[in-house]
Amino acid sequence: MKKNLLVAQSGGPTAAINATLAGVIGEAKAHEEIDRVIGACYGIQGVLEEKFIDLTELVDTEEKLEKLRVTPAAALGSCRFKLKDISEDDSQYRQIVEILHKHDIGYFIYIGGNDSMDTVAKLSKYCKDKGIDDIQVVGGPKTIDNDLMGIDHCPGFGSAAKYIAAVFAELEQEMCVYDTKSVIVVEMMGRHAGWLTAAAALADIPNADVPYLIYLEERPFSIERFIEDLKTKLDGSDVVMIAVSEGVHDEEGRFICESVSSAKGLDVFGHAQLSGTGKILENAIRDQIGCKVRSIELNLLQRCASHILSATDIEESGELGANAVRLAVAKQTGLMSSLRRVSNTPYRVAYEGVDIQQVANAEKKVPQEWINEDGNGVTQECIDYLLPLIQGEMSCHFRNGVPDYLILK
């Protein structure tokens, strides 16, 4: 008997999360077990509130599907909603199951990052423990932070990395215009992982005449040592490019951005909301070196830059969505759709499913051996890992000279 498929998105937006959604919709059409594809607006919170839309009707042509693939952010809307601890209160889980049964939903694909995979883990375990075998719950990975376990690299990261590399290459040209000592500090997202910051090294490949200093969250950070690093670079160059993770911290684990002002508070999952590291370093450079210096916080810009997408990222993101459907139809509940790197030259990946319990509430950091001995750059091994992920150029659709996106909700 045919069942409906429900799909939702959660967590921070990316340039590729809708490519995964498009992959889900496109693949669902190929399976006779699936009747209609239903979208839940605003993640698991929207499921609880039954904010559903019919994606089978809304995305009914290949043209719309293609447009969705290159639309940034989260077309279904997102949320940061933490389900209750099952051992204390299972009412939300009972409610979700009742809603899914009510709408004849047999497959639930939840696209998101670490916290979203926690939701998949909890709901799939609840169904298993209660003997509910007519609902298959599968995770679709997503995060620009690239910190999900159980997968070689995360959808959305490749496009964010490509944007970061392009920004650095362009800023470098700007900085080299004047015959004066100048420094630019660029702060990247990455609460507890420095993958995005490491991507700045990709701009250093074709533009090796300008020195880069790259500081990842994975190594303790010292402003005093940073100033010495910068003085050394300025001795041999008029321009220095600096990339820094928002979450860099000292030996005691205190965030550098907290040295001037407290963190911005905690989100519902208990994560510190950070910003201001770049400005702190800018002021330190101005006070202790005195050269021309500016800081830039990429912030939201690195998440949804659909005008410069990695074709590899978009293609893989769509295939991961399609793979999630295949896993669900095969009754492989409690898994996350994943990919494994088979080779670098030529670059090839294989798609599979991994146990969601191995993914939820865990973080993948940049390996220590991929950071140079001085802690201010990355190794060739890191670059070899990153480079295939930014290959190929794609872009959103344009109309009258400006981006034109597919709006669902």
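Figure 1. Leaving aside neighbours within four places in sequence, Thr20 is in contact (heavy atoms within 4.5 Å) with Ile111, Pro155, Ser317, Gly318 and Gly321. Thr20 lies in helix α1; helices (H or I, at least four residues) and strands (E, at least two) are DSSP runs, numbered from the N terminus. Thr20 is buried, with a relative accessible area of 1%. Buried means under 20% relative accessible area, exposed over 50%, and partly exposed in between (1.4 Å probe, protein chains only). A polar atom of the Thr20 side chain lies 3.1 Å from the backbone oxygen of Ser317. Residues are numbered from 1 along each chain as its sequence is written, and side-chain values use heavy atoms, with hydrogens and water left out. In this predicted model, local features need pLDDT of at least 70 and side-chain atom pairs count only at pLDDT 80 or more, whereas totals for chains, interfaces and linings use all residues.

**Figure 2. Asn18 in helix α1.** Helix α1 covers residues 17-28 and includes Asn18. With a relative accessible area of 0%, Asn18 is buried. The side chain of Asn18 reaches two backbone atoms: the oxygen of Pro72 at 3.2 Å and the nitrogen of Ala75 at 2.9 Å. A polar contact is a pair of N or O atoms within 3.5 Å; within protein, one must be able to donate a hydrogen and the other to accept it, and residues adjacent in sequence count only if both atoms are side-chain atoms. Not counting residues up to four places away in sequence, Asn18 touches Gln9, Leu68, Arg69, Thr71, Pro72, Ala73, Ala74 and Ala75. Ser295 is 277 residues from Asn18 in sequence and 31 Å from Asn18 in space, C-alpha to C-alpha.

**Figure 3. Packing of α1 with α4.** Two packed helices are described by the angle between their axes and the distance between the axes. Helix α4 (residues 62-69) packs with α1 at an angle of about 150°, and the axes are 7 Å apart. Axes are lines fitted to C-alpha atoms, for helices over the stretch in contact, and angles run from 0 to 180 degrees between N-to-C directions. The two helices, α1 and α4, are therefore roughly antiparallel to each other. Angles under 35 degrees count as roughly parallel, over 145 as roughly antiparallel, 65 to 115 as roughly perpendicular and the rest as oblique. From α1, the residues Asn18, Ala19, Leu21, Ala22, Ile25 and Gly26 meet Leu65, Leu68 and Arg69 of α4. By class, six nonpolar, two polar and one charged residues make up the contact of α1 with α4. Ala, Val, Leu, Ile, Met, Phe, Trp, Tyr, Cys and Pro count as nonpolar, Asp, Glu, Lys and Arg as charged, and the others, Gly among them, as polar.

**Figure 4. Packing of α5 with α6.** Helix α5 (residues 91-102) and helix α6 (residues 114-129) have axes 11 Å apart and pack at an angle of about 80°. They are therefore roughly perpendicular to each other. In α5, Tyr93, Arg94, Ile96 and Val97 meet Lys122, Leu123, Tyr126 and Cys127 in α6. The contact of α5 with α6 has six nonpolar, no polar and two charged residues.

**Figure 5. Strand β4 and its partners β1 and β5.** Strand β4 (residues 105-112) is mostly covered, with eight of its eight residues buried. Strand β1 (residues 3-9) runs parallel to β4 and is joined to β4 by six bridges; two strands pair if DSSP finds at least two bridges between them. Val7 has Ile109 in β4 as its bridge partner. Six bridges also join β4 to β5, again in parallel, and Ile109 stands opposite Val138 in β5.

Figure 6. Four bridges link β7 in the parallel sense with strand β8 (residues 239-245), and Val244 in β8 is the bridge partner of Tyr215.

**Figure 7. His153 in a loop.** His153 is placed in the loop between β5 (136-141) and α7 (157-175). At 5% relative accessibility, His153 counts as buried. Its side chain makes a polar contact with the side chain of Tyr347 (3.2 Å). Leaving aside neighbours within four places in sequence, His153 has contacts that include Asn146, Glu316, Arg341 and Tyr385.
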